[in-house]
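Please open the model in your viewer and keep the sequence panel beside it.

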Amino acid sequence: MAAVGATTVGDRAAIDVWITDPGAASSADRERWLDEWLDEAERARVRDARSPSRQAEIVVGRALLRSAVAAVCGVPAPAGLRFTTAPGGRPSLALDGQERLASAVDVSLAHTRGLAACAVARGGRVGVDAEHRGRRTEPIAIARRFFSAGDAAAVEAAAPGERAERFLERWTLREAYTKVLGVPLLELPRDSVAFGVESSGSVRLEGTGSAQPADQRWAFWLLRPTSGHVLALAWRGGAGEPTPSVTLHRWPSPG
Ligand SMILES: CC(C)(COP(=O)(O)OP(=O)(O)OC[C@H]1O[C@@H](n2cnc3c(N)ncnc32)[C@H](O)[C@@H]1OP(=O)(O)O)[C@@H](O)C(=O)NCCC(=O)NCCS
């Protein structure tokens, strides 16, 4: 996979997606990230987490977030980066003392079994979601309950052997979309968004249930970062902004 190398914050219209297998991090690594990289608010979230696996998820996610931003922005020390969390749960770079970075990049995080993903966008606002294919689910029932009519119909119309995949595509797209908006998924009215997914994998927004501001545009991507995962990216930029390029990276870098 491509390395970010000499990319600078000044480059526009690019999304870098970083993935890692949380199970591959040793307990010594997690201890070090917790002690040396995370800030006090993040450590408190780890202490209050409901289970050891959620604790590990937070630590790995925050380490991934720092490493990704440091690589994209050419900042040498991930430990020096600070983040805040908006009331709805959306993470962003803290402004205080990092104004240049905070105004240059936007971030989003997702966790699922066997994968943590972090998207860093230069220009615009980004949302990422990922799901494991092994997740047991009832595609038609959940689609009818949570998706817009058009998305539920697309899941129902799929051949039985493809239904789970069509469901995961729209589920992750919907979550990635809500992460751009910064609202909890369950606060998004069912019919507020519908997607058109081509057999080529290209995605378009078919409806948002309300008029889109003329000064905004959206773009979406579906990736298969491993054989077991579906990952969706949503991006919202200004009307005149070019569609970003997307690059996938594995963290830590192989070799
Ligand atoms: C963010 C949301 C859309 C998805 O959360 P999720 O699937 O539980 O978890 P994910 O791993 O995909 O994403 C979590 C990360 O997204 C970020 N996040 C949380 N809330 C967010 C929000 N409102 N906007 C943007 N990002 C958000 C956080 O960084 C979080 O990671 P962290 O807690 O380790 O920092 C959440 O608002 C939600 O609604 N969850 C419920 C999902 C649900 O309803 N599932 C069952 C239906 S059958």
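At what angle do the axes of helix H5 and helix H6 cross, and within what distance do they come? Select residues 139–146 for H5 and residues 149–157 for H6: their axes come within 8 Å and cross at roughly 170°, where axes are lines fitted to C-alpha atoms, for helices over the stretch in contact, and angles run from 0 to 180 degrees between N-to-C directions. H5 and H6 are therefore roughly antiparallel to each other, a term used for angles over 145 degrees. Show the side chains of Pro139, Ile140, Ala143 and Arg144 in H5 together with Asp151, Ala152, Val155 and Glu156 in H6, which make the contact; two residues are in contact if their C-beta atoms, placed from the backbone, lie within 7 Å. By class this contact has five nonpolar, no polar and three charged residues, with Ala, Val, Leu, Ile, Met, Phe, Trp, Tyr, Cys and Pro counted as nonpolar, Asp, Glu, Lys and Arg as charged, and the others, Gly among them, as polar.

Before moving on, note what kind of model this is. It is a predicted model, in which local features need pLDDT of at least 70 and side-chain atom pairs count only at pLDDT 80 or more, while totals for chains, interfaces and linings use all residues. Residues are numbered from 1 along each chain as its sequence is written.

Now zoom out to the whole chain, which has seven helices and eleven strands; these are DSSP runs numbered from the N terminus, helices being H or I with at least four residues and strands E with at least two. Along its principal axes the C-alpha trace spans about 50 × 40 × 35 Å. Of the contacts with a separation of 6 or more, 60% are between residues 24 or more positions apart.

Next, select helix H2 (residues 40–48) and helix H3 (residues 52–73), which pack at an angle of about 155° with their axes 8 Å apart. That angle makes H2 roughly antiparallel to H3. Where the two helices meet, look for Glu42, Arg45 and Val46 in H2 against Gln55, Ile58, Val59 and Arg62 in H3. The residues of this contact divide into three nonpolar, one polar and three charged.

Highlight Arg30, Trp33, Leu34 and Trp37 in H1, which meet Ala56, Val59, Val60, Arg62, Ala63 and Arg66 in H3. This contact has seven nonpolar, no polar and three charged residues.

Then go to valine 230, in strand E10 (residues 229–238). Is valine 230 buried or exposed? With 24 C-beta neighbours inside 10 Å, valine 230 counts as buried, since a residue is buried if 20 or more other C-beta atoms, placed from the backbone, lie within 10 Å of its own. Not counting residues up to four places away in sequence, valine 230 touches Ala130, Glu131, Arg133, Leu168, Glu169, Thr172, Leu222 and Arg224. Draw a line from its C-alpha to that of histidine 132: the pair is 98 residues apart in sequence and 6.6 Å apart in space.

Finish at proline 252, in the segment after strand E11 (245–250). Display the backbone here, and the peptide bond from tryptophan 251 to proline 252 can be seen to be cis, with omega near -5°.

Technical notes:
Parallel < 35°, antiparallel > 145°, perpendicular 65-115°, else oblique. Buried ≥ 20, exposed ≤ 12 C-beta atoms within 10 Å, placed from the backbone.
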